[in-house]
Amino acid sequence: MNSSSDTPPGLTDPAAATAGPGDPRDCHERVLRLADTQRVTAAILKLALADIPLDELLMRTLDLVLSTEWLRIERKGAIFLAEAPSRVLTMRAQRGLSPTLRQTCARVAFGTCLCGQAAATGAPVYSSRIDEHHSTSYPDMPAHGHYCVPIGVEGSVLGVISTYLAPGHECSQLELEFLSAIADTLAGVLVRRQIEAERRALLGRLEEALQRERLGLLAASAAHDFGNLLNVFHTSAQVLLRRLPLQDPLRSVAEAVERAAQRGAALTTQLKAFGREEEPRPEPLSLGEALRALELPLQRFVGEKIVVRLAVDDPGQRVLLDSHLLERAVLNLAANARDAMPEGGTLSVRVTGGASADRVLLEISDSGQGMAPEAQARLFEPFFTTKARGEGAGLGLASVRRFVKQAGGEIRASSALGRGTTFSLEFPCSPRAAAPAPA
């Protein structure tokens, strides 16, 4: 998939624009080939309606092209899809290519080789011969030619169809028209799939928002009523403790009621916070500095049995976060880690660069019991908990996820039974990164 020796780099071979009907020349043959084109495009559309995986659809489309008898191409080729915004083509389907060739052309940048030229210009590119003298050749590469036809719509290139030709193959307008028709059909299929994926994602977010709203209203209502009951318990326990002598055996009963009322009050606070969709107040801050300030409170929070290890490899960017909500999220994750390590262990907090230069990653790991796959699947569901009844309401992780999403970030969890758990929180860097945080 390299530029040819007889075609200037980045340009379509002039023969592609000037070639006549080619072999055969009569109208009857053209009609038959037009019918063949319609048959193949109809088969691709039928595959699209079957809703099969995309890579399978591309492979079967490539097979339809390579099995078209009147095409004088070699029976091998590939289909690439474009990665935006990196402007790189990725090979998603291939037939007949050697392992060396699959590795060499697994990723092709726009503008390089024939496929990259077709993607960069949005026009078909033809070569009658490329060989081992090309700059991106590989050992023992046989001489061959190419048709590289872009898959595009409305000026946007979605991919490229590449077919192999025997050396010296003359450019055929009929063959280019056929491949262009296949590319146009495939472009429509890809756009439809993209729209369907966006639609499903939008419906998922809408359903999640509606569910969160319903749960929020329920939580707020329950918290209000429950709080009124707790006030009675708390007040009654306080009255009893003031009136009972220190040696009275009933004091232990009153103290138990008081402790239960305090735990209930904490639960009520969580329910109210979950129900009212607290509005964040973000400001540019350094994630590393914020975590350093939390190190001592965090150690006190988890207790002496657990060792807190903080590692900050902060790339220097700032993130737009509400520092109060960040602290609450970290403490929520630390509480889960503490409960997973009843005999003690290590809580590791690490700040580093994210998957790209414009993101920052916060990882919180424990050396605890870990989670089963079925628990991981429901980890962020409101009111889901693996703790015993009365020990947790299942709102902590749901609140953490909401905080991360509000900040435009992503949260992931990885865990295995007996191997601990790691939560990865990735945030986008602030566009106001250069502005110092207010004192």
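This is a predicted model: local features need pLDDT of at least 70, side-chain atom pairs count only at pLDDT 80 or more; totals for chains, interfaces and linings use all residues.
1. Aspartate 366 is placed in strand β11.

2. Is aspartate 366 buried or exposed? Its relative accessibility is 11%, and because the cut-off for buried is under 20%, aspartate 366 counts as buried.

3. Leaving aside residues up to four places away in sequence, aspartate 366 touches Ala337, Ala340, Met341, Thr346, Gly420 and Thr421.

4. Strand β11, which spans residues 359-366, also holds glutamate 363. Which residue forms a salt bridge with glutamate 363? The partner is arginine 350, and the closest N and O atoms of the two are 2.9 Å apart. Arginine 350 belongs to strand β10 (residues 345-353), so the bridge ties together parts of the chain that are 13 residues apart in sequence. Arginine 350 has a relative accessibility of 38% and counts as partly exposed, whereas aspartate 366 is buried.

5. There is also a salt-bridge network: Arg359, Arg412 and Glu426 are joined into one by bridges that share partners.

6. How many salt bridges does the model contain? The count comes to 13. One of them is formed by the side chains of aspartate 63 and arginine 95, with an N to O distance of 2.8 Å. This pair links distant parts of the chain, 32 residues apart: aspartate 63 is in helix α3 (residues 54-66) and arginine 95 in strand β2 (residues 88-95).

7. Both ends of that bridge can be classed by accessibility. Aspartate 63 has a relative accessibility of 28% and counts as partly exposed. Arginine 95, at 34%, counts as partly exposed.

8. Arginine 338 is partly exposed, its relative accessible area being 29%. Aspartate 339 counts as partly exposed at 36% relative accessibility.

9. Glutamate 363, in strand β11, pairs with arginine 350 of strand β10.

Methods: Residues are numbered from 1 along each chain as its sequence is written. Side-chain values use heavy atoms; hydrogens and water are left out. A salt bridge is a side-chain nitrogen of Lys or Arg within 4 Å of a carboxyl oxygen of Asp or Glu. Helices (H or I, at least four residues) and strands (E, at least two) are DSSP runs, numbered from the N terminus. Buried means under 20% relative accessible area, exposed over 50%, partly exposed in between (1.4 Å probe, protein chains only). Contact means heavy atoms within 4.5 Å.
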